[in-house]
Amino acid sequence: MKILMVLTSHDQLGDTGKLTGFWLEEFAAPYYVFKDAGAEITLASPKGGQPPIDPKSDEPGNQADAMTRFKKDPAAQRVLANTVKLSDVTADSYDAVFYPGGHGPLWDLAEDPASIALIEAFYNAGKPVAAVCHAPGVLHRVTSQGQPIVKGKRVTGFTNSEEEAVQLANVVPFLVEDELKRLGGRYERAADWQSFAIVDGRLITGQNPASSTAAAQELVKLLR
């Protein structure tokens with residue numbers, strides 16, 4: 001079981017002057033779900049090297065067990081500090097791909113030709129594609145058989161009300177919920193901040209940080 005995890009390299013939160021990146025729980029929780037399932041994990045990002053961690057994701061109120069484990073795991077920290085360049089990876093080397101969220105992916109991965117082509121290659125080869133929280137936004141230019149990959153599919157992702165709660169609805173390039181609906185996705189959601197993951201065929205999506213464990217577990221189930 002070989003799983004590719006793709007992280008953002010983008011660290012600027014629009015024009016706010018604040019930093020962003022990937023959400024630490026959304027990397028750490030799936031990473032250990034995969035590791036504990038015996039998977040070989042490769043991490044990639046557009047620029048390679050250390051991807052930016054959203055500083056808000058590591059605030060005291062956002063701590064999770066997997067983050068504590070990560071901070072005591074020098075080997076995992078080394079892997080994260082040395083992500084491979086996204087343009088150097090191919091779908092045929094892996095069984096599935098997983099995209100952690102955070103606001104960063106809405107700026108770089110959502111528009112990255114290498115990421116778009118990679119997701120299409122995974123999907124067209126019959127391999128699962130998973131994304132959590134803001135990361136379903138990376139699907140917005142991805143197509144399958146000439147249609148948006150999410151069209152007609154049950155999907156979820158960070159809700160408009162969650163985005164409003166963190167006061168970034170007017171900062172992000174697009175709202176994940178609105179975009180998934182615009183593309184013809186059958187958008188579903190749970191209450192704000194509750195764990196909620198959906199599997200529709202080879203596509204797995206999770207709503208928010210709390211959903212990252214569930215989305216990763218669903219991916220392992222599909223691969224088994």
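Colleague: Which residues does L118 touch, not counting residues up to four places away in sequence?
Modeller: This is a predicted model. L118 is one of the buried residues of α4. Leaving aside residues up to four places away in sequence, L118 touches L4, V6, L86, V89, T90, A91 and Y99.

Colleague: Which members of the largest nonpolar core touch the most other members?
Modeller: That core has 34 residues. In soluble globular proteins, nonpolar side chains tend to be buried together. The members of the core that touch the most others are L4, Y99 and L118.

Colleague: Which element supplies the largest share of this core?
Modeller: At least two residues of the core come from each of β1, β4, α4 (113–124), β5 and α6 (176–182). The largest share, 5 residues, comes from α4.

Colleague: How many residues are in the other core, apart from this one?
Modeller: F22, L80, V132 and I204 are among the members of that other core. It lies apart from the core to which α4 gives the largest share.

Colleague: How far apart are the end C-alpha atoms of α4?
Modeller: Helix α4 has 12 residues, and at 1.5 Å a residue it should span 16 Å. The model agrees with this, because the end C-alpha atoms of α4 are 16 Å apart.

Colleague: Against which strands do the buried residues of α4 pack?
Modeller: The buried residues of α4 are S115, I116, L118, I119, E120, F122 and Y123. They pack against β1, β4, β5, β6 (143–144) and β11.

Colleague: Is V97 buried or exposed?
Modeller: V97 is found in strand β4, and its C-alpha atom is separated by 9.0 Å from that of L118, 21 residues apart along the chain. Not counting residues up to four places away in sequence, V97 touches L4, V6, F122, P128, V129, A130 and L219. Its relative accessible area is 0%, so V97 is buried.

Colleague: Why does D112 count as buried?
Modeller: D112 lies in the loop between β4 and α4. Beyond residues up to four places away in sequence, D112 touches P46 and L86. Buried means under 20% relative accessible area. D112 counts as buried because its relative accessibility is 16%.

Colleague: How far apart in space are D112 and S87, C-alpha to C-alpha?
Modeller: In sequence, D112 and S87 are 25 residues apart. In space, C-alpha to C-alpha, the separation of D112 and S87 is 9.8 Å.

Colleague: Which elements do the buried residues of α7 pack against?
Modeller: Helix α7 (residues 212–223) has end C-alpha atoms 17 Å apart, which agrees with the 16 Å that its 12 residues should span at 1.5 Å a residue. Its buried residues are S212, A214, A215, A216, L219 and V220. They pack against β1 (2–6), α1 (24–36), β4 (96–99), β5 (129–132), β10 (197–200) and β11 (203–206).

Colleague: At what angle do the axes of α1 and α7 cross?
Modeller: α1 passes α7 in a right-handed crossing. The axes of α1 and α7 come within 8 Å, and the crossing angle is roughly 35°.

Colleague: How many nonpolar, polar and charged residues are in the contact of α1 with α7?
Modeller: From α1 the contact uses E25, E26, A29, P30, V33 and F34, and from α7 it uses S212, T213, A216, Q217, L219 and V220. By class, the contact of α1 with α7 has 7 nonpolar, 3 polar and 2 charged residues.

Colleague: What residues does Y31 touch, not counting residues up to four places away in sequence?
Modeller: Y31 lies in helix α1 and is buried, with a relative accessible area of 5%. The C-alpha atoms of Y31 and T213 are separated by 9.1 Å, although the two residues are 182 residues apart along the chain. Not counting residues up to four places away in sequence, Y31 touches M5, I41, A76 and V79.

Colleague: What is the phi of C133?
Modeller: C133 lies in the loop between β5 and β6 and is buried, with a relative accessible area of 2%. Most residues other than glycine have a negative phi. C133 is not a glycine, yet its phi is positive, about 65°.

Colleague: Is Q145 buried or exposed?
Modeller: Q145 lies in the loop between β6 and β7 (147–148). Q145 has a positive phi of about 55° although it is not a glycine. With a relative accessible area of 80%, Q145 is exposed.

Notes. Residues are numbered from 1 along each chain as its sequence is written. This is a predicted model: local features need pLDDT of at least 70, side-chain atom pairs count only at pLDDT 80 or more; totals for chains, interfaces and linings use all residues. Side-chain values use heavy atoms; hydrogens and water are left out. Helices (H or I, at least four residues) and strands (E, at least two) are DSSP runs, numbered from the N terminus. The expected span of a helix is 1.5 Å times one less than its number of residues. Buried means under 20% relative accessible area, exposed over 50%, partly exposed in between (1.4 Å probe, protein chains only). Contact means heavy atoms within 4.5 Å. Axes are lines fitted to C-alpha atoms, for helices over the stretch in contact, and angles run from 0 to 180 degrees between N-to-C directions. A crossing is left-handed if the near helix is turned anticlockwise from the far one by less than a right angle, and right-handed if clockwise. Ala, Val, Leu, Ile, Met, Phe, Trp, Tyr, Cys and Pro count as nonpolar, Asp, Glu, Lys and Arg as charged, and the others, Gly among them, as polar. A nonpolar core is a set of buried Ala, Val, Leu, Ile, Met, Phe, Trp, Tyr and Cys residues joined through side-chain atoms within 4.5 Å.
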